[in-house]
Amino acid sequence: HTLLAQVYLWKAKIYLEQNDLTGCVMAVDRCIEKLDQLKPSALICNTGTYINQWARLIKSKALAANHDYANAAKMHDESIAALRRLVEQKEQREYTVLLFSELIEKANLLMCMGEYVGAVKLCDESKQYWDTLANDQWRDVLDRGMSEVYAIKARALAKTGNWPIAVETYDECIAIRRRIVDRDLTNDDAKHGLAKALLGKADMLRTMGNISGAAGIFDNNIKILRLLIENNARQDIFVELSYALKERARIYYSENNIIEGEKLYEESITILKRLVHQEGRNDLAELLAAALSGKMQHIPNAGNISVSHTALDESIEIFHRKVKSNGKLVIPVACELAAALNSKASILGSKGDRIGEVNAYDKCIDVWDQIILQDPDNTYNLSLAINLMLRAYALASMKMFIKALESCDRGIKIVRGLVGRGSDNGVVEYLATVLTNKGNMLKDMKDYRGAIESYAESINIWKTQV
């Protein structure tokens, strides 16, 4: 039974690596079933208990990958409790290694569940066990695990707003992964791990506004990924390279280096198109759509309008296919769809197609309405208000003032609500700006009294900001 359990455990690992989550769970269940058939005294032995705990760890990873967070968390908690007891009662260091691994996986799960403080606590606990295994024979494996602990903790700290400590924690992760690379310069997996850590830190620095620091790290990351692809053209490495190229391109655009930005964006899109259209990676269609849409959003002007329009239509079509799952909106995809529709409206407006511009804003606003209905977040409300105002300006340019004012008033009402809930000065200033624009519309309609009232309210708001 023990040998059969071990075979099922190996099968479960293979299924998990192949992303066959159903096969993985079934193999683990068979593994545990075989172990359950052993006599209680047999399970006390090192091999039986060890296999049982590894099997449960793999099953919880498969459940988490399938977004069954509740059952994954329950299995992790049971395993962690059992392993803590074993670590206290026995001398075998293998149980400490297993507990270390369980804590890492549970911390990762808590990140998925949005429980960032809990993730930090588990990372700190796992560090204590790592310290007790300083001279263990599995040092390379443990170092990789500890670097993952630092990466998880850095992301969790960033989510709680502790950015400086988060960056320092990412540096700890990178330092360990550099040491692993230095031990064996032919180890491509180690280099890949370093590239991932660099990408994580670059993303963090860019979010913090440290654009120059992020740019240098993105460059380093891209260099490593290109070298890895020369030796092993794995799809996952190409996916990471396409992402890094896209983000570096965005920085080039922000620096007004359009030529370099365009070149990297095109390379990113070419990689994703090949993976999606030629290699059947339909799961990457959203990334392709985001890259196509993002390229248009970050170009300072509409550029080649016909090319822009085609790229946006392709991205919008992909987003429409992916925007719902089990009858519910997939919020991140819906946000990307709304952004693409906004870009399309802008391009059509620059082309002079006002009817097309308004239609695109109508579709964009409809998406934001659906998003807010499912998840009433203040950030989404502001995005809705901005698009309502843009629609109002487009309608006003067509002399459709009644509809323009309806759109404008709805947008202003939303912004007032955000200001009343204590939004930052940027939202207050935006309210003042849109009130001025409403005044301009009323003036064009020869409603001078209404225009004066709107201007006066705007002036009073600006006075509070000076």
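Is Leu86 buried or exposed? With a relative accessible area of 12%, Leu86 is buried, because anything under 20% counts that way. Keep in mind that this is a predicted model.

## The whole protein

Let's start with the big picture. The protein's secondary structure comes to 21 helices and 2 strands. There are 466 residues in the protein, and 47% of them count as buried.

What about contacts along the chain? Take the contacts between residues at least 6 apart in sequence: 58% of them join residues at least 24 apart.

## Helices H5 and H6

Back to Leu86, which is found in helix H5. Helix H5 covers residues 69-89 and helix H6 covers residues 93-112. Two packed helices are described by the angle between their axes and the distance between the axes. For H5 and H6, the axes come within 9 Å and cross at roughly 155°. That makes H5 roughly antiparallel to H6, because an angle over 145 degrees gets that label. The crossing of these two helices is left-handed.

Which residues meet here? On the H5 side they include Tyr69, His76, Ile80, Leu83 and Leu86, while the H6 side includes Tyr95, Thr96, Leu99, Leu103 and Leu109. Sorted by class, the contact of H5 with H6 has 13 nonpolar, 3 polar and 5 charged residues. Leu86 and Thr96 sit 10 residues apart along the chain, and their C-alpha atoms are separated by 8.5 Å.

## Helices H12 and H13

Here's another pair to look for. Helix H12 (residues 235-254) packs with helix H13 (residues 258-278) at an angle of about 155°, and their axes are 8 Å apart. H12 and H13 are therefore roughly antiparallel to each other. H12 passes H13 in a left-handed crossing. Among the residues making the contact are Phe238, Leu241, Leu245 and Lys246 of H12, along with Leu264, Tyr265, Ser268 and Leu272 of H13. By class, this contact has 13 nonpolar, 4 polar and 7 charged residues.

Lys246 counts as buried because its relative accessibility is 14%, and the cut-off is under 20%. Leaving out residues up to four places away in sequence, Lys246 touches Tyr265, Ser268 and Ala291. Tyr265 and Ser268 are among the H13 residues in the helix contact.

## A buried asparagine

Now find Asn221 in helix H11, which runs over residues 211-231. Is Asn221 buried or exposed? Its relative accessibility is 1%, so Asn221 counts as buried. What does Asn221 touch? Leaving out residues up to four places away in sequence, the list is Ala195, Lys196, Leu198, Leu199 and Ala244.

## The nonpolar cores

The largest nonpolar core has 131 residues, and Trp368 and Ile371 touch the most other members. Which residues does Trp368 touch? Not counting residues up to four places away in sequence, Trp368 touches Cys335, Ala338, Tyr380, Ser383, Leu384 and Asn387.

How values were computed: Residues are numbered from 1 along each chain as its sequence is written. This is a predicted model: local features need pLDDT of at least 70, side-chain atom pairs count only at pLDDT 80 or more; totals for chains, interfaces and linings use all residues. Side-chain values use heavy atoms; hydrogens and water are left out. Axes are lines fitted to C-alpha atoms, for helices over the stretch in contact, and angles run from 0 to 180 degrees between N-to-C directions. Helices (H or I, at least four residues) and strands (E, at least two) are DSSP runs, numbered from the N terminus. Angles under 35 degrees count as roughly parallel, over 145 as roughly antiparallel, 65 to 115 as roughly perpendicular and the rest as oblique. A crossing is left-handed if the near helix is turned anticlockwise from the far one by less than a right angle, and right-handed if clockwise. Contact means heavy atoms within 4.5 Å. Ala, Val, Leu, Ile, Met, Phe, Trp, Tyr, Cys and Pro count as nonpolar, Asp, Glu, Lys and Arg as charged, and the others, Gly among them, as polar. A nonpolar core is a set of buried Ala, Val, Leu, Ile, Met, Phe, Trp, Tyr and Cys residues joined through side-chain atoms within 4.5 Å. Buried means under 20% relative accessible area, exposed over 50%, partly exposed in between (1.4 Å probe, protein chains only).
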